[in-house]
Amino acid sequence: MIDLSAFEADCRRDIPLLDAMQLSLHSFDHLTLKLDAPLAPNINNKGTAFGGSIASICLFAGWAVATLAFTDHGIGNTEIVVYQSEMTFKRPARGHLDVVARLDPEEFEDRLAQLRQGNDERLRFEVDIDLHHDGMCCATMRGVYVVWLK
């Protein structure tokens, strides 16, 4: 069982930007992570969420959901990094930011099986992230991450 509060505390200690963005993790279940952040520390000169903050939040969410998923399935000795990402900014986010990061179950099970077999290659996998404000999708990110055993 994942202790999400402890994971968040560790991340805040290791990644100071999370405190500056006031990012909070809310739930992790079935390869899905939900998190949020207020607009105020992530605002731009237009009164909307800064694109750099949105990108940083989404990149972190992708790494975090993968880290939690592998750890939750007994593989905690991994390195996970972003390899490639594609952002789409659909509309301005004018308030509180709600984020959902998801792993594809079939792809995750395949990578998990490879790691359990001791595969020491760098394995690619995708993460889909949606960022909403007031129930409307403001940005999406598809990230390709790489995982390997330490």
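Reader: Which exposed residues does H4 carry on the face turned away from its buried side?

Author: Happy to start there. This is a predicted model, and in it the exposed residues on that face of H4 are Glu-106 and Arg-116. The word "exposed" asks for a relative accessible area over 50%.

Reader: And what makes one side of H4 the buried side?

Author: Phe-108, Arg-111, Leu-112, Gln-114 and Leu-115 are the buried residues of H4. They cover an arc of only 160° around the axis, so they sit on the same side of H4. Their packing partners are helix H3 (51–72) and the strands E3 (78–89), E4 (97–103), E5 (123–133) and E6 (136–149).

Reader: How do you know that the span of H4 agrees with what a helix should give?

Author: H4 has 12 residues, 105–116, and at 1.5 Å a residue they should span 16 Å. The end C-alpha atoms are 16 Å apart, therefore the two agree.

Reader: Why is Asp-104 called a cap of H4?

Author: A side-chain oxygen of Asp-104 lies 3.2 Å from the backbone nitrogen of Glu-106, at the N-terminal end of H4. A polar contact needs N or O atoms within 3.5 Å, so the 3.2 Å of Asp-104 qualifies. After H4 comes Gly-118, with a positive phi near 85°.

Reader: What makes the buried residues of H1 line one face?

Author: The buried residues in H1 are Leu-4, Phe-7, Glu-8 and Cys-11. Seen down the axis, they fall within an arc of 100°, so they line one face of the helix. Ser-5 and Arg-13 are exposed on the other side of H1. The cover over the buried residues of H1 includes helix H2 (17–21), strand E1 (24–29), E2 and H3.

Reader: Which residues lie nearest the centre of the largest pocket?

Author: They are Phe-7, Trp-63, Thr-67, Thr-71 and Gly-76, out of 17 lining residues. Helix H1 (4–14), H3 and E3 each give two or more residues to that lining, and H1 has the largest share, with five. The space in the pocket is about 310 Å³.

Reader: How many cavities of 30 Å³ or more are there?

Author: The count is one. The largest cavity has a volume of about 40 Å³, and its lining includes Phe-70, Leu-103, Phe-108, Arg-111 and Phe-125. H4 and E5 are the elements that give two or more residues to this lining. H4 gives the most, three residues.

Methods
Residues numbered from 1 in each chain as written. Predicted model: local features only at pLDDT ≥ 70, side-chain atom pairs only at ≥ 80, totals over all residues. Heavy atoms only, no water. Helix = DSSP H or I, 4+ residues; strand = E, 2+ residues; numbered from the N terminus. Expected span 1.5 Å × (residues − 1). Buried < 20%, exposed > 50% of the residue type's maximum accessible area, 1.4 Å probe, protein only. Arc of directions from axis to C-beta. Contact = heavy atoms within 4.5 Å. Polar contact = N/O pair within 3.5 Å; in protein donor to acceptor, adjacent residues only side chain to side chain. 1 Å grid on protein atoms, 1.4 Å probe; cavity = no way out; pocket = protein on both sides within 12 Å on 5 of 7 lines; lining within 4 Å. Points joined across faces, edges and corners; volume = space filled by probe spheres on them.
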